[in-house]
Amino acid sequence: MVVALTANGNGHYNIYTAGSGQDGINMFVNRYNAAQNGGTETPYGLVITDLRMKGVDGADVTKRIKGLSPDTRVYVTTTIDPDQENDKIANKLNQLSPELKPDGVLQKPVPPNELIRLAEEARRQINYPQAPPGYNPPV
C-alpha cells in the first residue's frame, strides 16, 4: 500500500491511498504532472509506502518518486525490526543512489502521532498553506 498526503489551509490533510506500488507511482506521477502543467492540484508532500509489496516494492516506489520530485518526503514502512534485520533493509535501499533514498524507515505499527509529525514536517518543508491561527494538531 502507498499513502500520500497533501495539506489544506484549514489545518487538515487530504489522504490518498493506492493498493499497490505501481498504482502508487501512477497516482503520484499523474498528480505531479497535473501540478506541473498548471493544474489546481498541488503535488503530494509526503508519501509513506510499504517496503515489501508484490511487484513494485517500496524501494522501487521511492526511487521513482524521488527521481521525479526530490523534495517530496518519502518514508518506507516495514515489519522488520531494524535492530535485528537492518541488513535486509539496507541491502535493498542501499542499491539506490543517495538522492533516491527514502527520508526514513518506519517500523510498523507507526504511531498516529508520528504520522502527524511527519505530515507537519512535510507541510513546512514545501510551504503548504499554514494552519489557521490557534490550530494545534493533535499529538
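Tutor: Helices (H or I, at least four residues) and strands (E, at least two) are DSSP runs, numbered from the N terminus, and the expected span of a helix is 1.5 Å times one less than its number of residues. This is a predicted model, in which local features need pLDDT of at least 70 and side-chain atom pairs count only at pLDDT 80 or more, while totals for chains, interfaces and linings use all residues. Residues are numbered from 1 along each chain as its sequence is written, and side-chain values use heavy atoms, with hydrogens and water left out.

Helix α1 covers residues 21-36, and because its 16 residues at 1.5 Å a residue should span 22 Å, the 22 Å between its end C-alpha atoms agrees. After α1 comes G38, with a positive phi near 85°.

Turning to α2, the axes of α1 and α2 (lines fitted to C-alpha atoms over the stretch in contact, with angles from 0 to 180 degrees between N-to-C directions) come within 9 Å and cross at roughly 10°. α1 is therefore roughly parallel to α2, a description for angles under 35 degrees. In this contact (heavy atoms within 4.5 Å), G21, I25, F28, V29 and Y32 of α1 meet D60, V61, R64, I65 and L68 of α2.

Methods. Angles under 35 degrees count as roughly parallel, over 145 as roughly antiparallel, 65 to 115 as roughly perpendicular and the rest as oblique.
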